[in-house]
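Me: I have a structure open and want to go through it piece by piece. Can you take my questions as they come?

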Amino acid sequence: MNNLKQHRILLCIFSILIISCETHTQPVDEIETKVNELLTTMSLDEKIGQLNLRGTSSRVKGELPDSLKQAVRDGKIGAFLNVTNTAYVDELQRIAVEESPHKIPLIFARDVIHGYKTIFPIPLGIAASWDTEVAENSSRIAAIEASSFGIRWTFAPMLDIARDSRWGRIAESPGEDPFLAAKLSEAYIKGFQGKNLKDPTSMIACAKHFIGYGAAIGGRDYNTAIINDALLRNVYLPPFKTAVEAGSQTFMTAFNEMNGIPASGDKRLLTHILRDEYNFDGFVVSDWDSVKEMIPHGFAEDLKHAAEISLNAGLNMEMTSKTFETYTKTLLDEGKITISQIDKLVGDILRVKLKMGLFENPYREDKSSNLYATAHLEKAKEAVIKSSVLLKNNQNILPLAANTKLAVIGPLANQPREQLGTWTFDGDGKFTQTPIHTFQSKNVTFNYVEGLSHSRDKSAANFSKAMSVAKTSDVIIFIGGEEAILSGEAHSRADINLPGAQEDLIKELAKTGKPIVLIIMAGRPITVGNIINDVDAILMTWHPGTMGGPAIYDMIFGEDEPQGRLPVTWPKMAGQLPLFYNHKNTGRPVIPEEFVQLDSIPIGAWQSSLGNTSHYLDVGYLPQYPFGYGLGYTSFSYGKINLTDTIISENEELIVSVKVTNTGERAGSDIVQLYVQDVAGRITRPVKELKGFQKVTLQPNETKTIHFTLTIDDLKYYDNQQQLSVEKGTFNVWVGAHSATQNRATFKYE
Ligand code: GLC
């Protein structure tokens, strides 16, 4: 039994002693005392009520049914999601705190994922900023805006490591790397929850989806995840462990099964790892109906069995499927669960509500005047610039001269809703500043023809109009990509090329001989192999949110430079997926000099003449762009790596230093990245792993020495027996501008 549990049992005994002796001893932890007071006096109905998160679809706008109000009055509901009418929020809370038996306040929840009204880039875009301030600012502003509507619990951050761009929810993810994801996790939670949970603008976070959702086979949403223990602990758990350390008050279980066990019924996950190992003391909510879905998963016989499994696994609160509400009493009567288990689950929820100060201040503070505040919009624009990734810039065509005559073409140049991306129920398209809006307000010389009415439009009917505008321009700005609906939940794609006839239109436009700048708005990396030679520049803005227009204007005209770096590996073809930089080497790693591309294979080639190594005959073995990659408007050189020693022992630090020089003509930033490889481990190790990054901004010809510190702890890893350690041996270290850098040094751990 861990010490936290011992502490809590002692507290219970101590507080019961206090209550029974009525002596005025030093007050024990007030929250634990209050929790225990409530637990000793609440009815079973009320306790079951706290385990019940009632929701509506975010589309339901109708009247509050009296039955719902009565359920609150009887203390049979603990929290709501998607109640967006503030009059309802106020009324339900008033009923709870004035009319229910123990006046226990409700928590109101919403998916406030990358902004509430002011919408920031999608989380995959924010990950591309490699900037924890961007993550913290965006979530703090979201909390300020959402809390004035009574929303004090967000179902974010989503911390699912994602290695497959076919998966629609890669859009919401922190990308493919656990080190970067863990840094973002802490920043999001600090932003959402703020400095004080009792602050009316604090919105408790929800680390989700616990766990392995991003490992869905085939990148197909909700699909099976098979993750061995080493992979779970070295790759998927780190951002969630950080979430506990950062004080996230809630977790959400994932829809998927992992190794045969659906997350909402996985006691090892919810109790042994989250509680016993990590000492998490908040509460866990299931994802929408995922308790009930253990039946189709083939893990629960029926609804009652589903409730029994989840309650025994340690799930505190059930979202929308009502099995707890319906079967808890029966399960207690049948001895399938105990009242002390129920008290523990309820106590976790009460503890969070007490920490949030909801008992003293249950009502929202309406600051709706701060919606779309100038400061919020400025931060949103800054986030777009810091998260946009310049992937190609032939002849440095970008930035453009101010008087360049543009032909703006494409289905996403003026789409206020699409630009916001997935999970933006509350963002208002009326406030979106599209590229067209901005070009008009900035007196840019341009002609605009969308050419395609939406991203999936297959019609060439307007190609001729687009062509005539293109012919009279200096540069074509093609703004394309995906409508928001093509990524996000349940929206996986097997083919991740530009949808519709966008590629055809780009190829037509290329016939004009005019340079083409392709600006992509999408929820995932888009395979561009078919048109990459037809365009001169590619700028990935993800779905940029409310301020996409002003940010794109600033970037293409050089007011600022795109500063993002890829948080995911960008594939050449979907057939390469899953594709990630921190892969294993295999026993037959590719030998570039021996690789024979499919079209170069001699007719009648001998069976084993092509070199038996790990690659694809057609698309080879490299991504289109590597993890960590991105260009700016200047250039940088990296000096040799300098190590304070080539041997490191236990309790010693190794300082890794590199001189970085801005070799271009304008100031600029780069994200200096440190990767390490354990050459031989007790289990095989990735070819490299991110262990540090620092953003550096330099004037032309300025040089700065960047230092990283490595310790043995940074090298430790888990094997499949939960052993965290590292063997003595040889390690490679790289420092460069992306994960494919060749700037390498070697040291030994002895
Ligand atoms: C959805 C999502 C989850 C979200 C929840 C509530 O199905 O999986 O991320 O928070 O339901 O909307």
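Me: Is W542 buried or exposed?

Reply: W542 is buried, with a relative accessible area of 0%. Buried means under 20% relative accessible area, exposed over 50% and partly exposed in between, with a 1.4 Å probe and protein chains only. This is a predicted model, where local features need pLDDT of at least 70, side-chain atom pairs count only at pLDDT 80 or more, and totals for chains, interfaces and linings use all residues. Residues are numbered from 1 along each chain as its sequence is written, and side-chain values use heavy atoms, with hydrogens and water left out.

Me: Where is W542 found?

Reply: In the loop between strand 16 (537-540) and helix 19. Helices (H or I, at least four residues) and strands (E, at least two) are DSSP runs, numbered from the N terminus. W542 also has a positive phi of about 55°, although it is not a glycine.

Me: What about N443, buried or exposed?

Reply: Exposed, at 67% relative accessibility. N443 has a phi near 55°, positive in a residue other than glycine. Its loop runs between helix 16 (435-441) and strand 13 (446-449).

Me: Now the ligand. Which residues come nearest?

Reply: D111, R169, K208, H209 and D287, out of 13 residues around the ligand. Near here means a heavy atom within 4 Å. The shell divides into seven nonpolar, one polar and five charged residues. Ala, Val, Leu, Ile, Met, Phe, Trp, Tyr, Cys and Pro count as nonpolar, Asp, Glu, Lys and Arg as charged, and the others, Gly among them, as polar.

Me: How many Å separate a polar side-chain atom of D111 from an oxygen atom of the ligand?

Reply: 2.5 Å. For D287, an N or O atom in the side chain is 2.5 Å from a ligand oxygen. For H209 the value is 2.6 Å. The protein covers 94% of the 310 Å² of accessible area that the ligand has on its own. Those areas come from the Shrake-Rupley method with a 1.4 Å probe.

Me: Switching to strands. What covers the faces of strand 6?

Reply: Strand 6 (residues 250-253) has both faces covered. T250 and M252 are on one side, F251 and T253 on the other, all buried. In a regular strand the side chains alternate between the two faces of the sheet.

Me: Which strands pair with strand 6?

Reply: Strand 5 (residues 206-210) pairs with strand 6 in the parallel sense over three bridges. Strand 9 (residues 283-285) is also parallel to strand 6 and joined by three bridges. Two strands pair if DSSP finds at least two bridges between them. F251 stands opposite A207, and its bridge partner in strand 9 is V284.

Me: What is the strand order in the open sheet?

Reply: Five strands, in the order 4-3-2-1-10, with parallel pairing. Strand 4 (153-154) and strand 10 (318-319) are the edges, each pairing on one side only.

Me: Last one, F557. What is it in contact with?

Reply: P399, L400, A401, A402, L406 and V444, leaving aside neighbours within four places in sequence. Contact means heavy atoms within 4.5 Å. F557 is buried, with a relative accessible area of 11%.

Methods:
Polar contact = N/O pair within 3.5 Å; in protein donor to acceptor, adjacent residues only side chain to side chain.
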